[in-house]
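Please read them with the structure open.

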Amino acid sequence: MWLKKLLVCFLAAVLLISSPTSVMAADNNESAVSPCNLYTNQVITKFTISSAGTANLLTRVSGYESLTTRVSVYVYLQKYQNGTWKTINSWSQATSASSLTLTKSVAVEKGYRYRMKVSSYVYSGSDSENIVKYSVEAKY
């Protein structure tokens, strides 16, 4: 009798272990919730510093042609100094089209890290959304 109970327990354990199981894991690099942009299709930032010390900034903001009525962009050149990011130059531009491209070149001081901050506003009538994006850092 005890042999029969042992055999039943063994078979139950085998069935439990071998049954298919679905497991889902979250990727630590991705957020479980991603933002939904209502009016903004794309915000591109490109930031480089040449060997001669010229910072080249490019940003392109595009909305959806059928929805977007106006685009405004504010670009900030920032320098890392004394433990904080300090804005050393800024530009802005606006258009009533559905996309906007802003490019600037400016000389920077040697020995610091720099980055570009972009704050874009895309409008659909009186409604708008704001997206803030930072470029990669560059050292000169």
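Which residue in E6 stands opposite glutamine 78? The answer is arginine 115.

1. **Overall make-up.** This is a predicted model. Along the sequence the pattern reads α-β-β-β-β-β-β-β-β. Of the 140 residues, 29% count as buried. Among contacts with a separation of 6 or more, 64% come from residues 24 or more positions apart.

2. **Strand E6.** E6 covers residues 113-124. Nine of its 12 residues are buried, so the strand is largely enclosed by the rest of the structure. E6 runs antiparallel to E3, and 11 bridges join the two. Glutamine 78 and arginine 115 face each other in this pairing.

3. **Other partners of E6.** E6 also pairs with E7 (residues 127-134) in the antiparallel sense, over eight bridges. There, valine 122 stands opposite glutamate 129. The hairpin of E6 and E7 has two residues between the strands. Glycine 125 in this hairpin takes a positive phi near 65°. E8 (residues 138-139) is another antiparallel partner of E6, with two bridges. Tyrosine 114 stands opposite alanine 138 in E8.

4. **Aromatic pairs.** The structure holds two aromatic pairs. One of them joins tyrosine 74 and tyrosine 121: the ring centres are 6.0 Å apart and the planes meet at 90°, so the pair is edge-to-face. Tyrosine 74 lies in E3 and tyrosine 121 in E6, so the pair ties together parts 47 residues apart in sequence. Tyrosine 74 is partly exposed, at 33% relative accessibility. Tyrosine 121 is partly exposed too, at 27%.

5. **Charges over rings.** Look at arginine 70 and tyrosine 123. The charged end of arginine 70 sits over the ring of tyrosine 123, 3.8 Å from its centre. Lysine 117 lies over the face of tyrosine 76, at 5.6 Å from the ring centre.

6. **Salt bridges.** There are two salt bridges. In one, glutamate 109 meets lysine 79 at 3.2 Å, N to O. Glutamate 109 lies in the loop between E5 (99-107) and E6, and lysine 79 in E3, so this pair ties together parts 30 residues apart in sequence. Is lysine 79 buried or exposed? Lysine 79 counts as buried, because its relative accessibility is 9% and the cut-off for buried is under 20%. Glutamate 109 is partly exposed, at 46%.

7. **The second salt bridge.** Arginine 113 and glutamate 137 meet through their side chains at 3.0 Å, N to O. Arginine 113 is in E6 and glutamate 137 in the loop between E7 and E8, so the pair ties together parts 24 residues apart in sequence. Arginine 113 is partly exposed, with a relative accessible area of 33%. Glutamate 137 is partly exposed at 42%.

8. **A backbone point to check.** Which residue has a positive phi although it is not a glycine? That is asparagine 82, with a phi of about 55°. Asparagine 82 sits in the loop between E3 (70-81) and E4 (84-95). Asparagine 82 is exposed, with a relative accessible area of 78%.

Key. Residues numbered from 1 in each chain as written. Predicted model: local features only at pLDDT ≥ 70, side-chain atom pairs only at ≥ 80, totals over all residues. Heavy atoms only, no water. Helix = DSSP H or I, 4+ residues; strand = E, 2+ residues; numbered from the N terminus. Buried < 20%, exposed > 50% of the residue type's maximum accessible area, 1.4 Å probe, protein only. Pairing = 2+ DSSP bridges. Contact = heavy atoms within 4.5 Å. Phe/Tyr/Trp six-rings, centres within 6.5 Å; stacked < 30°, edge-to-face > 60°. Lys NZ or Arg CZ within 6 Å of the ring centre and 35° of its normal. Salt bridge = Lys/Arg side-chain N within 4 Å of Asp/Glu carboxyl O.
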